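Please open the structure in your viewer and keep the selection tool at hand. Each stop on this tour names something to select and then says what is there.

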Amino acid sequence: MPMNLKNIFICPECHKKLKSHLFTDTLFCDCGFQSKKDNGLFYLHSRGESWDKCEVEKKAWINLHNELGMYLDNEDHFYLPDGRPHLKEFYKEAKRSIDKLLELENFNDKLCLDMGAGIGWVECYMLKQVKSRMIALECSDDIYNGLGRSVVLKKHNGCEFLSLVADMHNVPIVDNSIDIVFMVDALHHFDNLRKLISEVHRVLKPGGHFWAINEPYRPDNMGELEYLKQYVALETKHGVAERRPTIKEYLDAGNIINLQVLNDKINFVAPGLILRGQKDPANFSMFI
Ligand SMILES: [Zn+2]
């Protein structure tokens, strides 16, 4: 286990703190659950309905990328976000938002969790500029367009972070343990925004920060189905979990962490939102 993180994981089945064997990376629970390490990925998820949805999501992305001719050992990943990306505009916008995030937040010496990390390119990009411990959490372990890709990206970039295959609606991390939770272009892929944000709230330390950047939204005067049909028909055809909340819907779901939209306040013009939240510093339940 890199970065001495053994103490922060809980059982995805019964939520008790996991125990570690002395000489191996395997974590286990009294209920019988055991973690798995495979090809550089750390697996910590339960079996059941929630995980079945994650498997569906993984297949949907594979099918989508197949149709786009992007499901392959894509060398462009090594040059993200500069150089020769296969989705030039997307990565240009994402990079602009990440650069802004690095201006607004101090990541150094922090324990950070990226929820919905995809191939892990954001970690590789950020770790060139900041010194922090990062956990990239993603439900797809696919070697081309899921977290499996992060293993070769880490080698290529010479950086280190933990690649954690887990369910974002059931985060296997202990309460009050993370300094910064961040998401890049990922928050709008979750069916149950409120449940997701309650997980963010749970794992954050009191006073800890949440960021969701490069997040698309729909205007107030348009229905969600109509918007999805018009703008992300290909994704929805393949069953990718696409949502387009309005700004108000984001903020309502995020009120537990005082979610705000920053774009106007920081004079940042972009197609995606920059959202910031913070866990109430006084809301501290002692974890023993
Ligand atoms: Zn257990």
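Select β9 (residues 204-215) together with β11 (residues 273-278), and you will have two strands that run antiparallel and are joined by six bridges. Strands here are DSSP runs of E with at least two residues, helices are runs of H or I with at least four, and both are numbered from the N terminus; two strands pair if DSSP finds at least two bridges between them. This is a predicted model, in which local features need pLDDT of at least 70, side-chain atom pairs count only at pLDDT 80 or more, and totals for chains, interfaces and linings use all residues. Residues are numbered from 1 along each chain as its sequence is written.

Now pick Leu275 in β11, which is the bridge partner of Ala212 and also that of Val261. Five of the six residues of β11 are buried, where buried means 20 or more other C-beta atoms within 10 Å of the residue's own, exposed means 12 or fewer, and partly exposed lies in between, with C-beta atoms placed from the backbone.

Next, select helix α5 (residues 193-203), and colour Leu196, Ile197, Glu199, Val200 and Val203, which are buried. They lie on the same side of α5, because they cover an arc of only 150° around the axis, taken from the directions from the helix axis to the C-beta atoms.

Finally, go to Asn221, in the loop between β9 and α6 (224-231). Is Asn221 buried or exposed? Asn221 counts as exposed, because it has 6 C-beta neighbours inside 10 Å.

Methods: Contact = placed C-beta atoms within 7 Å.
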